[in-house]
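This tutorial goes through several features of a protein model, by question and answer. Please keep the sequence and the structure in view.

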Amino acid sequence: MRFRPTPRVRHRLIAGLTTLILPFAALVGLSTPAAAADATATYAKTQDWGTGFEGKWTVKNTGTTSISSWTVEWDFPAGTAVTSGWDADFTSSGNHWTAKNKSWNGTLAPGASLSFGFNGSGSGSPTNCKLNGASCDGGGTVPGDNPPSAPGTPGASNITNTSVQLSWTAATDDKGIKNYDVLRDGSVIATVTGTSYTNSGLTAGTTYNYTVKARDTADQTGPASGERSVTTTGGGNPGTPGKTNLGYFVEWGVYGRNYHVKNLVSSGSASKITHINYAFGNVKNGQCVVDDAYAATDKAYTAADSVDGVADTWDQPLRGNFNQLLKLKKAYPNIKILYSFGGWTYSGGFGQAAQNPAAFAQSCYDVVFNSKWAGVFDGIDIDWEYPNACGLTCDTSGAASFKNLMQALRAKFGSKLVTAAITADGTSGGKIDAADYGGASQYIDWYNVMTYDYFGAWAAQGPTAPHSPLTSYSGIPTAGFHSDAAIQKLKGKGVPASKLLLGIGFYGRGWTGVTQSAPGGTATGPAAGIEPGIQDYKVLKTQCPSNGTVAGTAYAHCGNNWWSYDTPATIAGKMTYAKNQGLGGAFFWEFSGDTSNGELVGAIRNGLG
């Protein structure tokens, strides 16, 4: 969280993305492996943005011997096509598509499975699926009898703590539909003859993903419908127990960005998060202060723009964002909210605060728990981005100042939440080495490690590089400028992994004047965006779709612009990393860069479990 109002945006990992040149003139060198019994291929539409979609195939070896290679074939209706794909080699002949394993993922041991995916245009679903020449459901093909089409994406209604009612439009088949398999999170949970099913015995506050497949009178199974994600009501915090999914809500977003607390509800994001950081309070004269009192406590909301549909009145004591956040907590009582102070622009005030940590802590406590907005906040987040180092200004308060400040805050705030957003500079002698983050960790609940903004168009001529690399890669402009370097360095300083949250940006950074698609190209300056060199994910996903990945982050070259950002797929990879490293979860900057249906928030939630 550096600039105000610059967002921090990041996107998802599309592993091994391969750009397709369409249409293909002919199929070259294709051979059909021997029919592999005891193997299945299932399809799911994982994203749909109206003008296109993301599809995913999962191949599973259900037999007792290994499979050495696989080929999946299917037909799309006219107007639907693959535009780019990953983890398979794609070819087509007319409306017939073939995906063949890469050199490194062809072998499947008994019981093993793998997935490959693609971005597509149009709205159709695959039919006539074959896996290694046999039916994709593991059975043989029936001469003269086509398998059924995909049913419609199931709708969800009557959602309770423990049940959900599903319904879908019927599939079609040339010989007739026998029944439907209902799948939850990829496994069949019921077979029904009609087009509806009520799934009971669920867990409160839990997300489930449903698809449906039709079976014809010859027991041939068609492709899966689109996926419907359902979160049951009630329950505790969403996500894996103990895993944090925290988002920044920016105070100034209610102006030009027209993003309000109600958007957290309408996007579905409120049901997927555990915490919110409200950004930013200012630090002046060594004290915490409210930055924009009008946005925070006085802006009047109409019924249409209010979380609960009730308009503010002229004489009520509290309005603005704080009142809307109170309403949000009433509707979603498991969400915890922290007041975040500092940020890139306001971090210069912490040097004076460090001269009297106890007085600073008292001032912050008085602001966070002011009686006028009692009940809004559950703790404090300190976003001191360059203690004892240089950023927008230079701080010379000393290596111990950060630890001393956090110790004073813990003493004052007691059992309330105390967190901090910190640098992710993993270089030797860099910003992580400038302050005692290890010593301070005993006083905090977690660190938000800002693992983004490593590279950008402040280097106007490039080289182009992903702003949020998860790992190093050949040609990285600065060694140690990647997420894993920061996480390992902090662990090495004694910070428990469970107190580290991986940072995700809901935006991209880009250059213009770029002719090279791969990273490392030259540029003439920043690409146009909401600010020079910065653009929201919700814009980039359609304006400049990703066509490659590097170091766990997507990049895109369109026209003469080059962007890097995270997508739902790259976020999935980063959440796998977070879990494998034993991290406490993830956080993101910030809500308004996401799509109107909160797809990046959902990707974090799903990735954490």
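The turns below treat salt bridges, nonpolar cores, strands and disulfides.

Q: What should I know about the model before reading it?
A: The model is predicted, so to speak of a local feature requires pLDDT of at least 70, side-chain atom pairs count only at pLDDT 80 or more, and totals for chains, interfaces and linings use all residues. Residues are numbered from 1 along each chain as its sequence is written, and side-chain values use heavy atoms, with hydrogens and water left out.

Q: How many salt bridges does the structure hold?
A: Side chains of opposite charge can pair when their charged atoms come close. A salt bridge here is a side-chain nitrogen of Lys or Arg within 4 Å of a carboxyl oxygen of Asp or Glu. The structure holds 13 of them. One of these joins lysine 102 to aspartate 89, with the closest N and O atoms 2.9 Å apart.

Q: Which parts does the pair of lysine 102 and aspartate 89 tie together?
A: Helices (H or I, at least four residues) and strands (E, at least two) are DSSP runs, numbered from the N terminus. Aspartate 89 is in strand β6 (residues 89–93) and lysine 102 in the loop between β7 (96–100) and β8 (113–121), so the bridge ties together parts that are 13 residues apart in sequence.

Q: Is lysine 102 buried or exposed?
A: Buried means under 20% relative accessible area, exposed over 50%, and partly exposed in between (1.4 Å probe, protein chains only). Lysine 102 is buried, at 16%, while aspartate 89 is partly exposed, at 37%.

Q: Where do glutamate 590 and arginine 257 lie?
A: These two residues form a salt bridge whose closest N and O atoms are 3.7 Å apart. The pair links distant parts of the chain, 333 residues apart: glutamate 590 is in the loop between β32 (585–589) and α12 (599–608), and arginine 257 is in the loop between β18 (244–250) and α1 (261–266). Glutamate 590 is buried, at 3% relative accessible area, and arginine 257 is partly exposed, at 22%.

Q: What of arginine 509 and aspartate 453?
A: Their closest N and O atoms are 2.7 Å apart, in a salt bridge. Arginine 509 is in strand β26 (residues 507–512) and aspartate 453 in the loop between β24 (446–449) and α9 (483–492), so the pair ties together parts 56 residues apart in sequence. Arginine 509 is buried, with a relative accessible area of 4%, and aspartate 453 is buried, with 2%. Elsewhere, salt bridges that share partners join Arg257, Asp536 and Glu590 into one network.

Q: Which residues have the most contacts inside the largest nonpolar core?
A: A nonpolar core is a set of buried Ala, Val, Leu, Ile, Met, Phe, Trp, Tyr and Cys residues joined through side-chain atoms within 4.5 Å. The largest has 95 residues, and those with the most contacts inside it are Phe360, Ile380, Phe402, Met406, Leu409 and Tyr447. Helix α7 (residues 401–413) gives the most to this core, with 6 residues.

Q: What is leucine 409 in contact with?
A: Contact means heavy atoms within 4.5 Å. Leaving aside neighbours within four places in sequence, leucine 409 is in contact with Phe360, Ala361, Cys364, Ile380, Ile382 and Val418.

Q: How do β2 and β3 pair?
A: Two strands pair if DSSP finds at least two bridges between them. Strand β2 and strand β3 (residues 52–61) pair in the antiparallel sense over 9 bridges. Threonine 42 has threonine 58 in β3 as its bridge partner. In the hairpin of β2 and β3, with 3 residues between the strands, glycine 50 takes a positive phi near 90°. In strand β2 (residues 39–48), 7 of the 10 residues are buried, so the strand is largely enclosed by the rest of the structure.

Q: How many disulfides does a search of the whole structure find?
A: A disulfide is a pair of cysteine sulfur atoms within 2.5 Å. The search finds 4. Among them, cysteine 129 and cysteine 136 have sulfur atoms 1.7 Å apart, and their link is left-handed, with -70° about the S-S bond. Another joins cysteine 390 to cysteine 394, S to S 1.9 Å, and is right-handed, with 110° about the S-S bond.
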